[in-house]
Amino acid sequence: MSRLNVKLGDLSLKNPVIAASGTFGYGEELENFFPVESLGAVATKGLSLKPREGNPMPRIVETPSGMINAIGLQNVGIEAFIEKKLPYLESKQVVVIANIFGNTLEEYVEIARCLQPTSVPAIELNISCPNVKAGGMEFGNDPVQAARVTEAVRSVFNRHLMVKLSPNVTSLPKVACAVADAGADSLSLINTITAMAINTKTRKPMIANGVGGLSGPAIRPIAVRMVAEVYRSVKIPIVGIGGIGELNDALEFFIAGAQAIQIGTATFVEPNAAHQLVKDLDSYLKESGINHLKELVGTLKWPS
Amino acid sequence: MKDTLSQIVYHRSIGNDYYRIGLKTGWASFQPGQFAMLQVPGDGGVLLRRPFSLARQEGEVSEILYKAVGRGTRNLVKLQPGVPLKILGPLGHGFSSSEVSGPRVAVAGGYGIAPFWEWSLQLAKLGHRLQIFYGARTKTDLLYLDELRDAGAEVQCSTEDGSAGFRGLVTDLLREQFPNGKVGRVYSCGPWGLLQAVGQWCESHSIPAELSVEEAMGCGTGVCLGCVVQNRAGKYFRACKEGPVFLAEQLKLN
């Protein structure tokens, strides 16, 4: 399937379909459904310096064509990931993208430092976390903060650095440019959109954390728009995320300018979704007489 | 565990918004307490599959008992026999078949009775009789009574309004029947309040208890971490993977 291979800068993927962080565990959970190595890459559950138990229940609620989650980044911590989870992924020879997050800039750096001596070829920086020292404001909300954390991680990790952008900002192209200038190799977008659902009987939010992140088909048009806008603003590769479930969804993102895409919430509904998409993409290109996926990327015809 | 496109073989109302649906899954069997994630029609923006306890496996057909309470289940009601639905299962851990000295007792609340039909049958095959204590709000919420008796179980009912059986809570009926707690093992399925009361009663009499928790689920496969329950040390476990049946001692019951 050479018509599907992708180069995100120096990171080679056999195809453009990546399992999104937080929807694919540590890569072994869904091994009964398809071989993980059939995917372009796997983005791990978000990893923190220390293990985290996550938020109280309820953590998820379905909303029209989507869901809100506030899992609270429950994860085993970077040390246990490297010792206990990474060997499985290594044995499958799948490209691993370690999604990492910290409460402080120092935590981000420390986690990246732990990953530098491992086989992990790529980090995905989750900058949608509150910066404790900056009064709880998200790193990803502010181009200056976003650039600072990118630069700091860049200085301790010399392989592929992908930065996952939060849509909860006034101008995503500004953040994207700042992050690209700070040394990011690629951008993945979008993360979930901050949202709330209310139980009108109890007048309480439907999830314990109050607010959470909206994902699923409901956010796809917003994500497509943001990819198209960011594509016009930066030169580094873009990985599109947001409500992708099937072929046509993915095509929208490629046309908007994404070189690869991530499948997230769709995996909850169809454990096989990402694997199916790889096959469907290949058939589509073949049947459409397109020699290589890159011929599609960024071919959007903007209204003049 | 597999995902199969399974035809609806039968689908009927049994009153009070309760339905029995049979799907041709072709599964050989399941462990009672295990569940399945069922695709429901996407009308009104329904996205996720719905988790249902498995009630019975007869030949190639798996039965689910459900109550139409939300958007997803109300969409499901409309489907006729012949329609294929994706069903992922059997999932999770069910009740254990461990050796027991003393009566095997099930305590069910409402449609939490579902797994005890198959469980009664499986235990009967091994020469054991399940004693079921079954509580519901009112008479029409008591389901599967004939099936349970045909399966060889002994069933005692309670209703909150006294319209059938003992008037009051099923846990009061249980206490009355076993004042000294001489029970071998307890299996329970129902609302959280019931599981708490059952778990606490069992603990006070040192009876091993297995509780089947009901949680909203995102994926059913262990990746979304949306269905967790807490143990006594505050650690979270996934209802879909490590459960939905847990030993009472593993759970934080208050």
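This is a predicted model: local features need pLDDT of at least 70, side-chain atom pairs count only at pLDDT 80 or more; totals for chains, interfaces and linings use all residues.
Chain A contains eight helices and 18 strands. Its radius of gyration is 18 Å, close to the 19 Å that the globule rule gives for 304 residues, so chain A is as compact as a globular protein of that length. The C-alpha trace of chain A spans about 50 × 50 × 45 Å along its principal axes.

A closed barrel of eight strands is found in chain A, in the order β3-β4-β7-β8-β11-β12-β17-β18, and its pairing is parallel. On average, and with direction ignored, neighbouring strands of this sheet are turned by 25° against each other. One of the pairs in the barrel order is β17-β18. Strand β17 of chain A covers residues 238-241 and strand β18 of chain A covers residues 260-263; three bridges join them in the parallel sense. Within this pair, G240(A) has I261(A) of β18(A) as its bridge partner.

Two helices of chain A can be described together. Helix α3 (residues 143-154) and helix α4 (residues 172-181) of chain A have axes that come within 8 Å and cross at roughly 25°. Because angles under 35 degrees count as roughly parallel, that crossing makes α3(A) roughly parallel to α4(A). The crossing of α3(A) past α4(A) is right-handed. On the α3(A) side, the contact is made by P143(A), V144(A), A146(A), A147(A) and T150(A); on the α4(A) side, K174(A), V175(A), A178(A), V179(A) and D181(A) take part. By class, the residues of this contact of α3(A) with α4(A) are seven nonpolar, one polar and two charged.

The contact between the chains takes 27 residues from chain A and 20 residues from chain B. On the side of chain A that touches chain B, the elements giving two or more residues are β5 (60-63), β6 (66-69) and α7 (265-269) of chain A. That side of chain A has 12 nonpolar, 11 polar and four charged residues.

In chain B, seven strands form an open sheet with mixed pairing, ordered β10-β9-β8-β7-β11-β12-β15. Strands β10 (166-167) and β15 (245-247) of chain B stand at the edges; each has a single partner strand, so one side of each is left without a neighbour in the sheet.

Helix α5 (residues 192-204) of chain B touches β7, β11 (185-189) and β12 of chain B, and its direction makes about 170° with that of β12(B). Helix α4 (residues 170-177) of chain B lies across β7 (104-109), β8 (130-136), β9 (154-159) and β10 of chain B, running at about 145° to β8(B).

The remaining pairings to follow in chain B involve its strand β1. Strand β1 (residues 2-13) of chain B pairs in the antiparallel sense with strand β6 (residues 84-91) of chain B over six bridges, and P84(B) of β6(B) is the bridge partner of Q7(B). β1(B) is also joined by five bridges to strand β2 (residues 18-24) of chain B, again antiparallel. In that pairing, I8(B) has L23(B) of β2(B) as its bridge partner. The hairpin of β1(B) and β2(B) has four residues between the strands, and G15(B) takes a positive phi near 90° in this hairpin.

Key: Residues are numbered from 1 along each chain as its sequence is written. Chains are lettered from A and ligands numbered from 1 in the order in which they are written. Axes are lines fitted to C-alpha atoms, for helices over the stretch in contact, and angles run from 0 to 180 degrees between N-to-C directions. Angles under 35 degrees count as roughly parallel, over 145 as roughly antiparallel, 65 to 115 as roughly perpendicular and the rest as oblique. A crossing is left-handed if the near helix is turned anticlockwise from the far one by less than a right angle, and right-handed if clockwise. Two residues are in contact if their C-beta atoms, placed from the backbone, lie within 7 Å. Ala, Val, Leu, Ile, Met, Phe, Trp, Tyr, Cys and Pro count as nonpolar, Asp, Glu, Lys and Arg as charged, and the others, Gly among them, as polar. Two strands pair if DSSP finds at least two bridges between them. The radius of gyration is taken over C-alpha atoms; the globule rule is 2.2 Å times the number of residues to the power 0.38.
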